[in-house]
Structures are given as structure tokens and as C-alpha cells.
Amino acid sequence: MVNLSIVIINYKSLDLIRDCLRSIYRSNPFVSFEIIVVNNDDLNTDNPLLSEFPAIRWIDMQYNAGFARANNEGIRQAGAEVVLILNPDTIIPANALDDTYRQFIASDSSPQISGNYFVPGGLNYLLPLPYTGKFIKALGNLFSVKPPHVPDSDSLVEVDWINGAFLMVKQSAIQRVGLMDEDFFLFAEEAEWCARLKKIGKLCIFGNVKVFHLQGISSNEAFSSAGKGYYNLFDKKGKQIILSNLVRIRKQYGLFWFLFDVCIYSLTIPVFLIGILVSFFLPKSFRMYSFGDWGGFSRNMVYIWSKTPRILLNRPYFYKAL
């Protein structure tokens with residue numbers, strides 16, 4: 001019987017997973033663990049990971065099931081009471097797994113490298129919007145609104161939700177609140193899950209434990225996208241980000257806030273265009289966006305409008321934008 005089940009999702013990420021697994025075994029953790037790799041990709045040749053790491057458990061989903069569904073399958077087959085959801089684009093330093101597991105068991109909380117606070121109506125999801133987001137951020141600073149993200153910390157901090165790149169949780173908690181919502185394909189699923197987990201206990205980050213996350217590398221490769229983080233709303237990845245965020249707002253905050261946020265996203269289309277036109281009369285350093293970016297964002301919003309009636313109904317549906 002192992003103490004820790006580590007679940008990693010593969011979608012065109014074999015090289016990243018190989019580096020991640022090497023870092024885990026190189027750290028030589030004291031805690032007994034198993035590694036479950038859930039495969040969302042098609043492999044037509046011999047699996048190179050199994051050749052190098054024969055101890056891992058490999059689960060084929062037979063299709064690109066996304067983050068929530070694949071992790072749920074890994075959780076179902078996990079043999080330990082404690083499950084660690086781990087991104088493929090992470091590097092585990094020495095002692096990180098042991099330190100996290102020990103503090104997790106001692107505190108009976110859910111730790112992670114970085115945590116976040118809920119913002120009413122999910123208004124923080126408006127911050128990446130071109131031009132509009134900067135205006136909203138300025139308003140927040142004016143009224144001294146608490147930042148939605150936890151700054152770097154070396155101590156234990158209670159938070160509202162935890163990034164899914166490194167998320168540890170007990171099976172007993174999962175049994176009480178349920179698995180991840182399988183309506184989500186990618187992005188925002190951990191925030192919605194944490195909202196349910198927080199109803200039965202505290203969620204905390206352990207600031208003294210550090211893990212390297214190559215932010216956005218695995219999803220960028222899957223979507224053929226550029227740029228780190230979640231500020232590129234102009235391509236296929238951006239379409240999925242907008243869709244998942246709005247689905248989460250509908251589920252967690254209700255109809256009013258969903259419609260409000262859709263309106264702000266929609267109003268950003270003319271604001272975005274005006275901003276680009278004005279930037280041509282300013283020095284080149286002010287030209288942050290192109291007409292191509294505006295076109296990509298506008299096309300993504302047309303797609304969102306096509307899904308709005310379904311989101312309004314709030315019934316089970318697999319929101320996959322690929």
C-alpha cells in the first residue's frame with residue numbers, strides 16, 4: 001500500500017513528462033508513491049516512458065478527454081489515500097514531495113505552490129482582456145481591492161483555490177465533494193473543484209515548498225499556442241480559456257454574473273479595435289496588439305456567443321473548443 005498517488009496527464013507531452021519523472025526519482029522521496037500517467041494522446045509506437053520507467057501505471061483514455069476527465073480516471077484508479085495532481089511541465093526539487101506530504105498530513109489541508117482568492121463574479125477573469133482589463137485593474141487599485149493571487153510566501157497561507165499544476169488532496173475529501181466537473185475540458189476546472197472542497201475544510205499553500213512549473217508549456221504545445229500564462233485570448237488556446245472561465249462563472253456565481261462577464265467580453269471587441277487604431281498615432285512601444293490579435297479575439301467571441309444558450313441552461317455538456 002503506497003502513501004501517495006501521483007497523477008500526470010499526457011497529451012503530446014512525453015518529453016516534458018520524462019523530465020518530470022526523472023526529477024521525481026532523482027529526488028528519491030522517502031514517502032512511498034505510485035505514478036499514474038493518464039494518456040489523452042494516440043501512441044502508435046512502443047511507449048518510450050514505460051521502457052525507461054517500467055513502474056509507472058499507464059492508462060489509455062482512447063481520446064483527448066481533457067484535464068478533468070483524465071484526472072478523474074487517475075483518481076479512480078489511485079491506490080493511496082492522498083492524491084497529487086501534477087502537471088507534466090513541472091520539475092520536482094529534492095525533498096519537495098516529502099515536505100509537502102508531511103505538512104499536508106500534519107495540517108489536514110490541501111497544499112500547493114501557488115494559491116488564489118475568489119473574486120465576486122469571477123471579475124478577475126476580465127483582467128487579461130486587451131485594454132479593458134487594464135482599466136478594470138486600475139479601478140481595483142483605486143479602491144484597494146485585494147489581489148486575486150497570493151504573493152510569494154515562505155509560510156502556510158489559507159487560500160480559496162489552488163492551481164492544478166501541483167494539487168494534493170485526500171480521497172476522503174473527494175468522496176464527500178465529488179470528482180472534478182467533467183463538463184470542463186481544460187482550464188478553470190480546479191477552481192470550480194476547490195470551491196466545493198473549501199466547503200468542507202481549509203485549502204492552504206505551503207510557501208516553504210518550491211516546485212518549478214514551466215507555466216503553460218504543455219498546454220501551449222497541445223494548442224500550438226504562444227506566450228505563457230492566460231493572457232493570449234486570440235488563438236485556439238484563448239478560445240478554450242474564455243469558454244472554460246465563463247462556464248465556471250455560470251456554475252459558481254450564477255446567471256447574473258455570467259451575463260455580466262459575457263457583456264464585458266463583448267464590449268471589449270470595439271474597445272480593442274479603437275485601442276489598436278489609437279496606438280498607431282503613438283510611439284511603437286505602445287503598440288502591444290495587432291489587427292490579427294483583434295480578429296482572433298473577435299472570432300473567439302463569436303464562438304462563445306454560439307455556446308451561450310447552452311451555458312445558460314447549465315446542463316451537463318463537454319465544453320471542448322478544439
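Modeller: In this predicted model, helix α9 is followed by G254, whose phi is positive, near 100°. At the start of α9, a side-chain oxygen of D235 comes to within 3.2 Å of the backbone nitrogen of K237.

Biologist: What makes the D235 and K237 atoms a polar contact?

Modeller: The cut-off for a pair of N or O atoms is 3.5 Å.

Biologist: How do you know that the length of α9 agrees with its number of residues?

Modeller: At 1.5 Å a residue, the 18 residues of α9 (residues 236–253) should span 26 Å. The end C-alpha atoms are 25 Å apart, which agrees.

Biologist: Why is α9 called largely enclosed?

Modeller: Because 14 of its 18 residues are buried, the cut-off being under 20% relative accessible area.

Biologist: What makes strand β4 largely enclosed?

Modeller: Five of the five residues of β4 (residues 82–86) are buried, so the strand is largely enclosed by the rest of the structure. V82, L84 and L86 cover one side, while V83 and I85 are on the other, and all are buried. In a regular strand the side chains alternate between the two faces of the sheet.

Biologist: Which strands pair with β4, and in what sense?

Modeller: Strand β1 (residues 4–10) runs parallel to β4 and is joined to it by five bridges, with V7 opposite I85. Strand β9 (residues 166–170) is antiparallel to β4, also over five bridges, and there I85 stands opposite L167. At least two bridges are required, so both count as pairs.

Biologist: How many aromatic pairs does the structure hold?

Modeller: The structure holds 14 aromatic pairs. One of them, F185 and F318, has 5.9 Å centre to centre and 70° between the planes. Edge-to-face requires over 60 degrees, so this pair is edge-to-face. The pair links parts of the chain 133 residues apart, and both F185 and F318 are buried.

Biologist: Why is the pair F280 and F291 called stacked?

Modeller: The planes are 15° apart, and the limit for stacking is under 30 degrees, so the pair is stacked, at 5.7 Å centre to centre.

Biologist: Why do F280 and F291 count as partly exposed?

Modeller: Relative accessibility is 45% for F280 and 41% for F291. Buried requires under 20% and exposed over 50%, so both values fall in between.

Terms used
Residues are numbered from 1 along each chain as its sequence is written. This is a predicted model: local features need pLDDT of at least 70, side-chain atom pairs count only at pLDDT 80 or more; totals for chains, interfaces and linings use all residues. Side-chain values use heavy atoms; hydrogens and water are left out. Helices (H or I, at least four residues) and strands (E, at least two) are DSSP runs, numbered from the N terminus. The expected span of a helix is 1.5 Å times one less than its number of residues. Buried means under 20% relative accessible area, exposed over 50%, partly exposed in between (1.4 Å probe, protein chains only). A polar contact is a pair of N or O atoms within 3.5 Å; within protein, one must be able to donate a hydrogen and the other to accept it, and residues adjacent in sequence count only if both atoms are side-chain atoms. Rings of Phe, Tyr and Trp (its six-membered ring) pair if their centres lie within 6.5 Å; planes under 30 degrees apart count as stacked, over 60 as edge-to-face and the rest as tilted.
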